[in-house]
Amino acid sequence: MSVTGTVNEYQRVVSGMRPTGPLHLGHYHGVLKNWLKLQYEYECFFFVADWHALTTHYEDPFDIEENVWETFIDWLACGINPGSCKLFIQSRVPEHAELHLLLSMITPLGWLERVPTYKDQQEKLREKDLATYGFLGYPLLQSADILAYKAGFVPVGEDQVSHLELTREVARRFNHLYGKEAGFEEKALGAVSKMGKKNANIYMECVKQYQETGNVESLEKGQALISAQGNLSLGDRERLYGYLEGSGKIILPEPYPLLTQTAKLTGLDGQKMSKSYNNTIAIREAPESIEKKIRTMPTDPARVRRSDPGNPEKCPVWPLHNVYSTQEQQAWVMQGCTTAGIGCLDCKKCVSDNIIESLKPIQERALEYKNNIRLVKEIVREGCEAARDAAQETLEEVREVMGLVHRDK
Ligand code: TRP
Ligand code: SF4
């Protein structure tokens with residue numbers, strides 16, 4: 001993918017999750033399965049967003065501590081591999097807060113007031129007083145979470161796309177304000193000369209084409225050329241990308257969302273599975289509890305008696321079969337339901353057995369981590385350190401261009 005403002009070698013992925021309670025099947029199919037794939041394709045940073053949880057749960061923070069560790073256990077149990085990604089806690093990397101503060105200086109209030117989740121969530125969570133400074137600013141905190149790592153991609157759901165848009169606007173404004181280092185043009189041309197004569201000529205041709213005609217192919221060709229130069233420093237690369245686009249140096253590249261493919265999993269009542277609807281199955285739910293929750297689910301209202309035929313399309317149990325049952329089992333349900341050949345309890349038993357079976361290895365791994373919480377804490381400690389190193393590098397650059405270095409020697 002190559003979009004204006006995206007820098008190809010920034011192949012980092014960052015995503016966060018609020019520690020709001022046990023991971024359920026909706027999270028698993030909507031978020032975790034995506035992470036499992038990404039962890040082998042990109043350099044991934046996954047964190048528990050404890051500060052984000054405080055923006056809405058500031059009155060009852062006591063669950064946060066326990067939920068943080070339980071969330072990591074859930075991720076690890078699902079197969080998130082600490083050898084391939086950094087797992088960390090947002091508040092253990094104070095650079096997120098520093099960057100949030102610094103970005104707040106250049107972010108117009110209107111941009112935050114315009115984010116659709118601001119009004120939506122206030123409406124939805126009426127019982128909470130969310131007319132706070134922290135709540136208004138939390139999409140910008142999210143921007144800082146992402147920009148601190150110069151991430152190129154952010155796996156999120158549809159509801160978070162507006163936060164990514166804000167992040168791109170803020171990054172653009174930042175680069176516009178601070179990307180103009182003294183002597184940018186000379187430094188950029190100095191970097192060009194380090195590319196070797198032939199490449200330098202091709203690059204300058206791309207610059208000319210792109211700036212005269214806006215031809216995206218020239219932009220992409222120029223970007224590919226820069227990323228193929230092994231001998232250039234990071235600073236020089238940033239200058240070359242910026243010079244190509246006609247902006248200054250790109251200090252904070254613009255991130256793009258990676259939308260989750262899977263449709264939202266329906267919950268026990270046929271609505272979207274979500275903790276706030278109280279219709280979830282947790283990935284660590286006990287088998288007896290899963291069995292009971294499914295047994296008591298509503299079904300197609302037409303099936304009052306065992307002898308009444310039904311229609312799976314009108315039944316909240318059916319979407320679970322679509323995810324958890326084999327083709328043959330689904331055909332058996334379709335046939336048996338529409339002809340009253342099977343009872344709802346037979347049908348439900350089949351899907352609850354399948355769910356229980358598929359969660360078994362996850363639950364076994366969760367138990368191992370639960371019994372070895374020291375290992376979990378060690379993984380997270382290392383993740384925090386690695387994340388901090390990465391975020392510090394960005395913050396050094398940011399402080400420098402914002403006039404905050406103050407060397408005392
Ligand atoms: N705001 C996200 C949510 O509520 C969580 C989050 C916080 C996040 N920071 C992030 C997601 C950075 C992606 C990247 O789900
Ligand atoms: Fe739903 Fe299955 Fe009963 Fe049909 S047989 S109504 S699909 S639970």
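Visitor: Which residues surround ligand 2?

Guide: In this predicted model, ligand 2 is surrounded by Thr299, Asp300, Arg303, Pro312, Cys315, Val317, Val333, Cys337, Cys344 and Cys347. Sorted by class, that shell has seven nonpolar residues, one polar and two charged.

Visitor: How many cavities of 30 Å³ or more does the structure hold?

Guide: The general idea comes first. Rolling a probe the size of a water molecule over the atoms shows where empty space is left. Here the structure holds one cavity of 30 Å³ or more. About 110 Å³ of space lies in the largest cavity. It is lined by 14 residues, and Cys315, Val317, Cys337, Cys344 and Cys347 are the closest to its centre. Helix H14 (318-324), H15 and H16 are the elements that give two or more residues to this lining. The largest share, three residues, comes from H16.

Visitor: What takes the space of the largest cavity?

Guide: Ligand 2 does.

Visitor: What is the lining of the largest cavity like by class?

Guide: The lining has nine nonpolar, two polar and three charged residues.

Visitor: Now a strand. Why is strand E3 (residues 85-89) largely enclosed by the rest of the structure?

Guide: Buried means under 20% relative accessible area. In E3, four of the five residues are buried, so the strand is largely enclosed.

Visitor: In which sense do strand E2 (residues 43-48) and E3 pair?

Guide: E2 and E3 pair in the parallel sense, over five bridges. Valine 48, for one, has isoleucine 89 in E3 as its bridge partner.

Note on methods:
Residues numbered from 1 in each chain as written. Chains lettered and ligands numbered in written order. Predicted model: local features only at pLDDT ≥ 70, side-chain atom pairs only at ≥ 80, totals over all residues. Heavy atoms only, no water. Near = heavy atom within 4 Å. 1 Å grid on protein atoms, 1.4 Å probe; cavity = no way out; pocket = protein on both sides within 12 Å on 5 of 7 lines; lining within 4 Å. Sits in = over half its atoms within 2 Å of the grid points. Nonpolar A, V, L, I, M, F, W, Y, C, P; charged D, E, K, R; others polar. Buried < 20%, exposed > 50% of the residue type's maximum accessible area, 1.4 Å probe, protein only. Pairing = 2+ DSSP bridges. Points joined across faces, edges and corners; volume = space filled by probe spheres on them.
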